[in-house]
There are 2 protein chains.
Amino acid sequence: MKFQRKTVIIIGGGFAGLEVAKKLRNKPVNVILIDKSNHHLFQPLLYQVATAGLSPAYIAFPLRSIFRKAKNIRVILGEVKRIKRDEKKVYLNGENYSYDYLVVAVGARHHYFGNNHWEKFAPGLKTLQDAINIRERILISFEKAERISDPDEQQKYLNFVIVGGGPTGVEMAGAIAEISKKTLLEDFKKIDPSKAKIYLIEATDRILPTYPLELSEKAKRDLEKLGVICVLKTKVTEINEDKVYLNGKVINASTIIWAAGNRANPLIQQLNCEVDKIGRAIVTPFLNLKNDKCVFVIGDAAAVFDKNGNTLPGVSPVAITEGRYVAKLILKKIQGKEIKPYRYFNKGSLATIGKAKAVADFGWIRFSGFFAWLLWVLVHIFFLIGFKNRIIVMLEWIFAYFTHQKSARLIVDEKKLYESNK
Amino acid sequence: MKFQRKTVIIIGGGFAGLEVAKKLRNKPVNVILIDKSNHHLFQPLLYQVATAGLSPAYIAFPLRSIFRKAKNIRVILGEVKRIKRDEKKVYLNGENYSYDYLVVAVGARHHYFGNNHWEKFAPGLKTLQDAINIRERILISFEKAERISDPDEQQKYLNFVIVGGGPTGVEMAGAIAEISKKTLLEDFKKIDPSKAKIYLIEATDRILPTYPLELSEKAKRDLEKLGVICVLKTKVTEINEDKVYLNGKVINASTIIWAAGNRANPLIQQLNCEVDKIGRAIVTPFLNLKNDKCVFVIGDAAAVFDKNGNTLPGVSPVAITEGRYVAKLILKKIQGKEIKPYRYFNKGSLATIGKAKAVADFGWIRFSGFFAWLLWVLVHIFFLIGFKNRIIVMLEWIFAYFTHQKSARLIVDEKKLYESNK
């Protein structure tokens, strides 16, 4: 029997969107995958690019290559400007595409709680460009510190402030401590290693607040051993070019990194659907909209509730399983079949702290230290895309483990060094 | 006997300047190495970054790391603004350094023969930033071609023009032919591979004009097999955003790359010395200035004559041997000794043409094809800095050899894709 193939448009090639496309590969549907960038980004390792441990290419995979052999998948590098649900169309600059099913997997951006002017001074870490910018900021700080004689002025370039004590903040703090106390300072002959100060600011009473208490405490001790100063129960009240204002305290720092808040991509507003307080689309247990069963929202842009009424966390295992579910649902629906609502089984959480330390929480077992780190390494190598990338990332980690050296210590945009006074 | 150590200032961490510093490592002199960028760049492989074959980090080595164990070498990341020979001082922004010996190894930039406005449309390839810009321009061209329906407009994005048929131009043309005819076009489902056209424009009557005639002809045949169109005896008369004007012909092309001319760094003018017509300092057979024996100029910024009165070519073996010579001369001079004038022994030339093809000229033997390419691979791996970099570059080449895949196909600066109409 011949019939008109249905068209599935996926917006976003992150973990959620990519998984939908993979599961629809060579299936009897037309797929259009639209992304603003030409690569899928392996975000869990992005902080390693920001701290000069890995080159961008090994954690970013061209979407076209992933689907080069999938005849039913078309990849479009473009930015969606409008979604019109009444027309069942998606509009880009100058062209539009019709869908039968729409999967919106557009992720989140940093959220500055109404202080958008902070973004310039305290960039967040979502894209490769973000990571490269942060890397250059860190490296340039040390170069400036090396050339400055005035001790107060020098200290400013040796102070690093990370706002937000979740997994990203913890991993950044650990990695910056490691490069500043070990990798870099051996190279700078005028700087005193003990002067580098890394502050991790967290509003709640512990870092990794979504982890079990014992692991939070273990992570804090590990960070402190690396020289990180954890400032708990403290909110940032203002940020400017080289200052972070806390309740009654000021830290002078030329490098300030934001890891505190996320908000769903503003494209979600165009769906005219119910959203939660950080802009995520509230979806049904089938991950589609209550008033439009053909539109699915998944990943960090969706608010999905578990059986206790809590929203699922914005981590890759959630995004991947949501993507897998939606692909399956669409294929069944085309055959006129139904499937059960989506359910998430937490397989565990891992966060790494500097070199050779990590914390792991699998619900039934919790552990930390070297073996947690080894598990972290294996899991991340396993989930990377491409045999060659796995080998090279592993090589990089083995070398880094034994030498303290970091591979990608490049300042490419030298103008930054000479133009600004920062 | 105690004495005041002499200070050697080296400006520039390219092949020439780096070699001077290496040979002065842990010798009884103070060395200050000043560079605008934080890395030494392995320029012979820069075209591979521009054509997405290698990640920047593997051909760029932090200068500080290279000299981390050399107590007598200080690395300064900074831009020299003025050289005052009468004061024996070098001025940076806000600080200055005194020297006993000055080594100027500041290299060359592209030269547009009085048409500096072409630079914007036809960038050259000297720095990592140049290479990344060219890489993004090439990748974005294909993305645009994929989305455009109008055949003339599409052809513009599939035309690539390289101006200049020297080694850089030949290597770029071969690599672009390879990615556009093989690597990329398999990924783009709407583009017809035969439509990608690569033009190599050369003013003289053959490509690789400094090589023996037979190798020029072999290289031309190899390029043509890859689909490159060699346009000889032809000068570019005008370049604008998407057009190259030749004698009576116009090529529409969104990607235009300049590999035609070099000119010494303008800092040379501050030496108030004799210069040749491309701005290079004319040096004595001891590589110093006729009127100032303490100032040496080496590498691409110097005009050094061989015994036939021809200037030595701007290639890394010349720069390296010049650097080695100057370091030796300075050390001898401090001991009150003299050495013989510098002489260059040509060890040969190599140029690669796409994948698995190259030409080699060693004076006493000339050959081409697969074995020339294998030699090229071995020589380049050998001269790379760092054991790990060698392993990873070799891995990249082995994978590329068997898969046609390119590692670093990243468009990081997505704004370029959406802002401009190019």
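## Two copies

Copies are superposed by least squares on the C-alpha atoms of residues with pLDDT of at least 70 in both. In this predicted model, a rotation of 180° with 0.0 Å of shift along its axis places chain B on chain A, with an RMSD of 0.0 Å. The two copies are thus related as by a two-fold rotation axis. Both copies use the same surface: 100% of the contact residues of chain B recur in chain A. Contact means heavy atoms within 4.5 Å.

## Helices 4 and 5 of chain B

Helices are DSSP runs of H or I, at least four residues long, numbered from the N terminus. Helix 4 of chain B spans residues 128-147, and helix 5 of chain B spans residues 151-158. Their axes, lines fitted to C-alpha atoms over the stretch in contact, come within 8 Å and cross at roughly 165°. That makes the two helices roughly antiparallel, a term for angles over 145 degrees between N-to-C directions, on a scale from 0 to 180 degrees.

B:S141, B:F142, B:K144 and B:A145 in helix 4 meet B:Q154, B:Y157 and B:L158 in helix 5.

## Helices 9 and 10 of chain A

Helix 9 of chain A (residues 370-383) and helix 10 of chain A (residues 387-403) have axes that come within 9 Å and cross at roughly 155°. They are therefore roughly antiparallel to each other.

Residues of helix 9 in this contact include A:W373, A:W376 and A:F382. Among their partners in helix 10 are A:R390, A:M394 and A:W397.

## Conventions

Residues are numbered from 1 along each chain as its sequence is written, and chains are lettered from A and ligands numbered from 1 in the order in which they are written.

Technical notes. This is a predicted model: local features need pLDDT of at least 70, side-chain atom pairs count only at pLDDT 80 or more; totals for chains, interfaces and linings use all residues. Side-chain values use heavy atoms; hydrogens and water are left out. Angles under 35 degrees count as roughly parallel, over 145 as roughly antiparallel, 65 to 115 as roughly perpendicular and the rest as oblique.
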